[in-house]
Amino acid sequence: MLNWSELLEPIAAWFRSLRLPEPIIHWGHPLMMAIVVFVMGSFVGLAGWRGRLVEDQDGAIKSRSEHRKLAPWLFFFLAAGYTGGVLSLVMQHQPILESPHFFTGSIVLLLLLINAAISLSGFLGNKAILRTIHAYLGSTALSILFLHALLGFKLGTSF
């Protein structure tokens, strides 16, 4: 079985050589990701729902446009944060595949990849059912991200 900690150790050692303060190594990932999840994630989710529910056509178009522009960036920052979080654990000599925090992060990225595929497919000809699945799948991912944050805080205070 592949040992991810051993594989990532050379990268972690390089970052350790920078002699970053311990609080940055320990709490940098949670702080940055809290901003991404609670600010950007909430905005992207709300913009998506506003695009579906607002009766004002101009407002709905504006919300869908904001959602369409920012959702890929949200995914990018979440994927980068996922990578940074795993690397932070390796830097701190902590196990990476054992916490619920790791698994909720993995599930969120998988759900968002599925959602991206649905969106990039053009909702297979703008099918209403796929738009509904997209909305609820994104909301589920965002809800899991809030749980993920709580699990991350618990993990961060455990070592």
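Visitor: Let's start with Phe-76. Is that residue buried, partly exposed or exposed?
Guide: Phe-76 counts as partly exposed, with a relative accessibility of 46%. Keep in mind as we go that this is a predicted model.

Visitor: And how exposed is Trp-73?
Guide: Trp-73 is partly exposed too, with a relative accessible area of 48%.

Visitor: Which residues make up the aromatic cluster there?
Guide: The cluster is formed by Trp-73, Phe-76 and Phe-77.

Visitor: How many aromatic pairs are there?
Guide: The count comes to nine aromatic pairs. One of them is Trp-49 with Tyr-136, an edge-to-face pair with 5.3 Å from centre to centre and 75 degrees between the planes. That pair connects distant parts of the chain, since Trp-49 sits in helix H2 and Tyr-136 in helix H6, 87 residues apart.

Visitor: What's the accessibility of Trp-49?
Guide: Trp-49 has 22% relative accessibility, which makes it partly exposed. The cut-off matters here: buried means under 20%, so Trp-49 at 22% falls in the partly exposed class.

Visitor: Back to Trp-73 and Phe-76. What geometry does that pair have?
Guide: Trp-73 and Phe-76 are also edge-to-face, with 6.0 Å between centres and 85 degrees between the planes.

Visitor: How are Trp-73 and Phe-76 placed in helix H3?
Guide: They are three residues apart in H3, so about one helical turn separates them.

Visitor: New topic, charges. How many salt bridges are in the whole structure?
Guide: A search of the whole structure finds three. One joins the side chains of Arg-16 and Glu-9, at 2.7 Å from N to O. Arg-16 is partly exposed at 26% relative accessible area, and Glu-9 is partly exposed at 26% as well.

Visitor: What about Arg-50, what does its side chain meet?
Guide: Arg-50 forms a salt bridge with Glu-66, at 3.4 Å from N to O. Arg-50 has a relative accessible area of 32%, so it is partly exposed.

Visitor: Which residue does Glu-66 meet at 3.5 Å?
Guide: That would be Lys-62, again in a salt bridge. Glu-66 and Lys-62 both lie in helix H3, four residues apart, which is about one turn of the helix. Lys-62 is exposed, with 54% relative accessible area. Through shared partners, Arg-50, Lys-62 and Glu-66 are joined into one network.

Visitor: Nice. Now the inside: which residues touch the most other members of the largest nonpolar core?
Guide: Leu-74, Leu-78, Val-108 and Leu-145 do, out of 19 residues in that core. Helices H2, H3, H4 (100-120) and H6 (128-158) each supply at least two of its residues, and H6 gives the most, with six.

Visitor: What does Val-108 touch, leaving aside residues up to four places away in sequence?
Guide: Val-108 touches Ala-141, Ile-144 and Leu-145. There is also a second, separate core of 10 residues, with Leu-89, Val-90, Met-91 and Ile-96 among them.

Visitor: What about Phe-123, buried or exposed?
Guide: Phe-123 is buried, with a relative accessible area of 8%. Phe-123 is in helix H5 (residues 123-126), and has a positive phi of about 55 degrees without being a glycine.

Definitions and conventions
Residues numbered from 1 in each chain as written. Predicted model: local features only at pLDDT ≥ 70, side-chain atom pairs only at ≥ 80, totals over all residues. Heavy atoms only, no water. Salt bridge = Lys/Arg side-chain N within 4 Å of Asp/Glu carboxyl O. Buried < 20%, exposed > 50% of the residue type's maximum accessible area, 1.4 Å probe, protein only. Core = buried A, V, L, I, M, F, W, Y, C linked by side-chain atoms within 4.5 Å. Contact = heavy atoms within 4.5 Å. Phe/Tyr/Trp six-rings, centres within 6.5 Å; stacked < 30°, edge-to-face > 60°.
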